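Open the structure in your viewer and keep the selection tool at hand. The stops below go from paired strands to a core and end at one residue.

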Amino acid sequence: MAAAAWERFVGHRWLPKAAVVVLAAVLVAAFLLVRSERRDAHNAGVLETACGGVLPRETVLGLLPGDETWELRSDLDLTGPSGRGPRTLVRCSLDWGEYGGLELAAVPVLDVPLRGVRPGDILSAGTAKEPDRATAYRTATTQVTVGCPAGLPGYPRPVTRFRVYASLHHDDGSEVAGAAKELGTVVTAVADHVRDRGGCGGPAVKPSDVRPGPGRVAEDSEDSDEVPRACRWFRPGMLDGKARGRDDREPRGFTGDDADVCSLTVPRAKPANRLDHYAGVTSVSWRGPLLPEARTAYGAELAALSPAPEPKSGEKSYVLAVWAESSCSGGRALSRLRVETAASALAAGRADRILDAYLASSDCRAVKVLGKVWK
């Protein structure tokens, strides 16, 4: 009977061919299923080990392509008391063949030693060449600077901050659109991992603390190649000036975690006398650990603060310094605005408004003007 059934099957016009097609489809489906299960198991193992195993699983699964095999290209986790402080605290890089990759790192903030806290000292330190590992956060998709009040162990000088940054990109280097929010969750998780392992203390990191890399913000801003970020608040009209000419001195600026400085000159539109062709403005704010040193460096000037009546005008240069305390980005700040001009009435009449514009640009609140002093 079986032989008869087989003969009928073999002799059928299309049934044997259909059976072969079905069998091939089943084999292919089984092969794909096995490969998918192996890929999923491999990817799960990568997530368990990458960045010390602290990457939030569900978030990363939503960021990375599930139909690709992920490879852990580099992985380093040196957080915790491990002797000499490392230059990189955490680093991991995941990619999926030739299609793209996720890069994440945590690095200590090793500030360039300042020779002083005056504007010239800070501007000089700001031009010092930093290694790539210290500046990569500027062009990252997301980044956060985290306080470590207890200090990271193993460094010759106190290291009370570190940065975590991450980027998700295609194989051509372009950013994956819409990934910033999810990457913020990843950055937050790694930042708290470093805090805990390093014994930092202080408040936990929140996703709202994470920001785009400052270099990316600058790329999207007008005149980013001409005006330093610390100077973009100023407008020539504040001192009856005109646009800077090709031969005029370029503004100098520095923006850091503990200080920002801007120094610039303004061509006067209608000079009042033969010395009144330019006016100068220098703004500086100190925060955090630089506050005590700034008060010491400018102790004599701070002691001389008063309502500062306007001096009699003449053909000479006048310098007016205005001091203020405020709260900027949740921390206390001490600010000094210096206006230099040959027209004393101009400095006296405009200094307060210029100071207001400067502090408003940094979203400073609870401003208290301490006083003025003529130099």
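Begin with β2 and β3, an antiparallel pair joined by six bridges. Strands pair when DSSP finds at least two bridges between them; helices (H or I, at least four residues) and strands (E, at least two) are DSSP runs, numbered from the N terminus. This is a predicted model, in which local features need pLDDT of at least 70, side-chain atom pairs count only at pLDDT 80 or more, and totals for chains, interfaces and linings use all residues. Residues are numbered from 1 along each chain as its sequence is written, and side-chain values use heavy atoms, leaving out hydrogens and water.

Select Val 90: Ala 106 in β3 stands opposite. Ala 106 also stands opposite Val 164 in β5. Nine bridges join β3 to β5, and these strands run antiparallel. Of the nine residues in β3, eight are buried (under 20% relative accessible area; exposed is over 50%, partly exposed in between; 1.4 Å probe, protein chains only).

Next, show the largest nonpolar core, which has 37 residues. Such a core is a set of buried Ala, Val, Leu, Ile, Met, Phe, Trp, Tyr and Cys residues joined through side-chain atoms within 4.5 Å. Among the residues with the most contacts inside this core are Leu 104 and Val 164. Helix α6 gives the most to this core, six residues.

Finally, select Ala 348 in helix α10 (residues 344-361). Ala 348 is partly exposed, at 25% relative accessible area. Beyond its neighbours within four places in sequence, Ala 348 is in contact (heavy atoms within 4.5 Å) with Glu 310, Leu 320, Lys 372 and Trp 374.
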